[in-house]
Amino acid sequence: MTRKVTKAIFPVAGLGTRFLPATKSVPKEIMTLVDRPLVQYAIDEARAAGIKEFIFVTSRGKSALEDYFDHNPILEQELRKKGKTDLLDILKTTNMDSGAIAYIRQHKALGLGHAVWCARRLIGNEPFAVMLPDDVIAAERPCLQQMVEAYAETGGNMVAAMEVPPEKASAYGVLDVAEDMGSVVSARGMVEKPAPGTAPSNLAVIGRYILGPSVLRNLNKMKQGAGGEIQLTDAIAEDIEAGTPVYGYRFRGQRFDCGSKAGFLQATVAFALARDDLRDDLSRYLGEVMQTSKAAE
């Protein structure tokens, strides 16, 4: 019987250089997708999956991220006085109970594996999730919730996976598939950012993981991988070599790479069009833009 997953690590120490100059003073993770910060989407997904303890691996300049999850009594009081209960309810979803959230500093940018390793003492000997807020997933049932339910049947380690064009596989960790069982595949290996044309499959790992404590022990070795960084993919692959099963999970939903400007804009349009209060105006505007573009050709 697998142990319940109640802890999640959120690696948010990156500098967000692709979004400069905005990220000079604003952490990328609290940039807003429609009207919610990126990190709020990850938190909501984690809560839906049964996560109770939220561990953020941060760095210098992320104090605004920490403040975001704090209570704001003055704002709450003003909303109550004005009878804006709908906004008050929304605001309450951003608050975290005392003791539910922890912050760990990553002092050097040594890779995703190192960021996860930084949280090892708060994980102990339990399974845990890793969530990258840059990867926003629109799904009828939240991606991590899908994975937790599948993990209850498989155990081992589990990574979210999606098919990518062969020419883009070199940008991801890629699974070497041993057996394809539909929504779940078993892996015989994993390769981080394979050289073009050498990827073992087109099934790429994206930013959702359910891992066992053995992965943290592998990270203790501080082995450098692709780009001279300590890669989480390498630590998971080492588990496979040691006999621990690793599964890829084909989640149902659409993933947006909000770590890129194009992906962020695509997600903004998609999430806005999914909103009843925004759909009509935005659809009308997009239609006008398309007509203007065609007329200019």
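Proline 21 lies in the loop between β1 and β2, where strands are DSSP runs of E of at least two residues, numbered from the N terminus, and helices are runs of H or I of at least four residues. The structure is a predicted model, in which local features need pLDDT of at least 70 and side-chain atom pairs count only at pLDDT 80 or more, whereas totals for chains, interfaces and linings use all residues. Residues are numbered from 1 along each chain as its sequence is written, and side-chain values use heavy atoms, with hydrogens and water left out.

The peptide bond that leads from leucine 20 into proline 21 is cis, with omega near 10°. Most peptide bonds are trans, and most residues other than glycine have a negative phi. Proline 27 is also found in the loop between β1 (7–11) and β2 (32–33). Proline 27 counts as buried because its relative accessibility is 4%, the classes being buried under 20% relative accessible area, exposed over 50% and partly exposed in between, with a 1.4 Å probe and protein chains only. When residues up to four places away in sequence are not counted, proline 27 touches Gly61, Lys62, Ala64 and Leu65, a contact being defined by heavy atoms within 4.5 Å.

A disulfide is a covalent bond between the sulfur atoms of two cysteines. With the criterion of a pair of cysteine sulfur atoms within 2.5 Å, a search of the whole structure finds 0 disulfides. For cysteine 143, the closest cysteine sulfur belongs to cysteine 258 and is 14 Å away, so the separation is too far for a bond. Cysteine 143 counts as buried because its relative accessibility is 0%, and cysteine 118 also counts as buried, at 14% relative accessibility.
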